[in-house]
Amino acid sequence: MEMSQLLHVFYIIAIVAEGMTAALAAGRRNMDWVGVYLLGCITALGGGSVRDVLLGRHPLTWVEHPSYLLITGGAALATIAIARYMHHLRRLFLFLDAIGLVVFTVIGCTIAMTMNMPVIIVIASGMITGCVGGVLRDILCADVPLLFRAELYATASIVTGVLYVLGEWLALPHDGVIIAAMLVGLALRLLALRFGWGMPKFVYTKDLH
Amino acid sequence: MEMSQLLHVFYIIAIVAEGMTAALAAGRRNMDWVGVYLLGCITALGGGSVRDVLLGRHPLTWVEHPSYLLITGGAALATIAIARYMHHLRRLFLFLDAIGLVVFTVIGCTIAMTMNMPVIIVIASGMITGCVGGVLRDILCADVPLLFRAELYATASIVTGVLYVLGEWLALPHDGVIIAAMLVGLALRLLALRFGWGMPKFVYTKDLH
Amino acid sequence: MEMSQLLHVFYIIAIVAEGMTAALAAGRRNMDWVGVYLLGCITALGGGSVRDVLLGRHPLTWVEHPSYLLITGGAALATIAIARYMHHLRRLFLFLDAIGLVVFTVIGCTIAMTMNMPVIIVIASGMITGCVGGVLRDILCADVPLLFRAELYATASIVTGVLYVLGEWLALPHDGVIIAAMLVGLALRLLALRFGWGMPKFVYTKDLH
């Protein structure tokens, strides 16, 4: 199996996992089934959509592959049935979510590279693809986005992107670079979850206005 | 009067109604007059804008017809003057809002059909056009969007879109299909309001993270 | 120095100032350093990005000039170090923020004029450029956007845009028009801050739904 095919398989796993975690967030807000479906689609496909809108790249992934709307929304709905067992699967989900983060990141970086974007935009494209879906989920739940406070979530995405760009710049073997970048990003995120690592926080209590 | 003209008349009624309900939401958040104006425009025109941005379709409706910014914002401002009587008009407004929902939906579906989009995208385009304005209003008021919890709001939009697509696929008379799809969607929404119908809710209290 | 160069200098000052005020908002929400960086970029560059996405104008400013992501994010990070002294600089920051508002507005209007947009869209483009960054900042902090309630913030932007459009329509000298429009908008905002001027508020306490 080629790398692009492998990435595609991981991509499908990732959007399913994102749709399912979105369903749990929807359940905590007592949303109805339609809300669960929609939040699943938005969370799983929102990062890529925002990336494509910002880069002016059409059609969007789900416009070209409408079945993704069925897969992600369906995964979210299925989660309602199995939610009572989800607690036991907590670690599996955090693992799949971390897989999704690095797979989304690599896909976003690749797309920006294909468009001959500068390095900073390549890394930004990876991070937007990896992280914005979760931000949209949190905004729609009226929460302060976890991204801005979570255990090395954006950081793992940035590290993955930087390693990918660096490896390509050094002209190292393409597939090896992608695998290494994803493994390091994945390890960083999982270790951060395990040991509660986080970036330092900035606490400011005075009011500017 | 032709169907496209009739839809246009309904469209103007709908954006006026959406601007006015947005004004009430702004008033509940003690926004100033400028905020009322802006929230009116965003609520009434935001759904179509998000649709066009996602489908890569330019210029946006209000960029091509700037007067819509005056109509919707003006309707929002006018609402301030008559707000004290609005309570008596509650039913009228819920009715106009429901009209807007199905009119926006049919317009959004038609636009996607004209772009030869696949069926799922046609229905999604209708739903985005019909529902996203209200979602933006709720986000800007820092609320959890009503869409995800309200009485068959998104559902009525989806049903309208599905009937429209189905009728076109069966090659039934165009005007009849549009009218039937809108009437069924409207009836569904109004009955849901009247009897408090809603989709089942998903209530999940455990924390994944 | 020509007007376009002067505006560019002011633009850099403005995005730095916006990045720094975003950092303080991030600190009040206890965001981590990555969150501070990202919120700085989004606040400083979000207005122009939304404008370009709505007008269908690509590439976005920061995609063309990726260094802006380093400048604004860097300014946000630097703010962490000097936050303890920021309170004394409160007035300077409100001043720089007001400078940013009118500079962003003029740039947004100019871009829409170059695209031969109608007058209302030119003014809207200026206001979106000037105000949307702060709205995104507030949404990501799960606040009701200040824009909709603050001292003549959007109003100062609209006044600047209207004067700019009016001066161009009267064929007055280009540079003089820009300077006059910015000075009046700036004065309006600063006076509003000084004396607590605001647009009348719309207070509505009944629930429509």
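In the predicted model, α6(A) passes α7(A) in a crossing that is right-handed. The two helices of chain A, α6 (residues 119-140) and α7 (residues 153-169), have axes that come within 9 Å and cross at roughly 140°. Angles over 145 degrees count as roughly antiparallel; α6(A) and α7(A) are therefore oblique to each other. On the α6(A) side, the contact is formed by Val119(A), Val122(A), Ile123(A), Gly126(A), Met127(A), Gly130(A) and Cys131(A). These meet Tyr153(A), Ala154(A), Ser157(A), Ile158(A), Thr160(A), Gly161(A), Val162(A) and Val165(A) of α7(A). By class, the residues of this contact between α6(A) and α7(A) comprise ten nonpolar and five polar, with no charged residue.

Between chains, 32 residues of chain A are in contact with 28 residues of chain B. On the side of chain B that touches chain A, at least two residues each come from α2 (33-55), α6 (119-140) and α7 (153-169) of chain B. The most is given by α6(B), with four residues. This side of chain B has 20 nonpolar residues, together with four polar and four charged ones.

The largest nonpolar core contains 221 residues, and those with the most contacts inside it are Leu39(A), Leu39(B) and Leu39(C). With neighbours within four places in sequence left aside, Leu39(C) is in contact with Ala22(C), Ala25(C), Ala26(C), Met31(C), Ala76(C), Arg137(C) and Leu140(C), as well as with Phe148(A) of chain A.

Terms used:
Residues numbered from 1 in each chain as written. Chains lettered and ligands numbered in written order. Predicted model: local features only at pLDDT ≥ 70, side-chain atom pairs only at ≥ 80, totals over all residues. Contact = placed C-beta atoms within 7 Å. Nonpolar A, V, L, I, M, F, W, Y, C, P; charged D, E, K, R; others polar. Core = buried A, V, L, I, M, F, W, Y, C linked by C-beta atoms within 7 Å. Buried ≥ 20, exposed ≤ 12 C-beta atoms within 10 Å, placed from the backbone. Axes fitted to C-alpha atoms, helices over the stretch in contact; angles between N-to-C directions. Parallel < 35°, antiparallel > 145°, perpendicular 65-115°, else oblique. Left-handed = near helix turned anticlockwise from the far one by under 90°.
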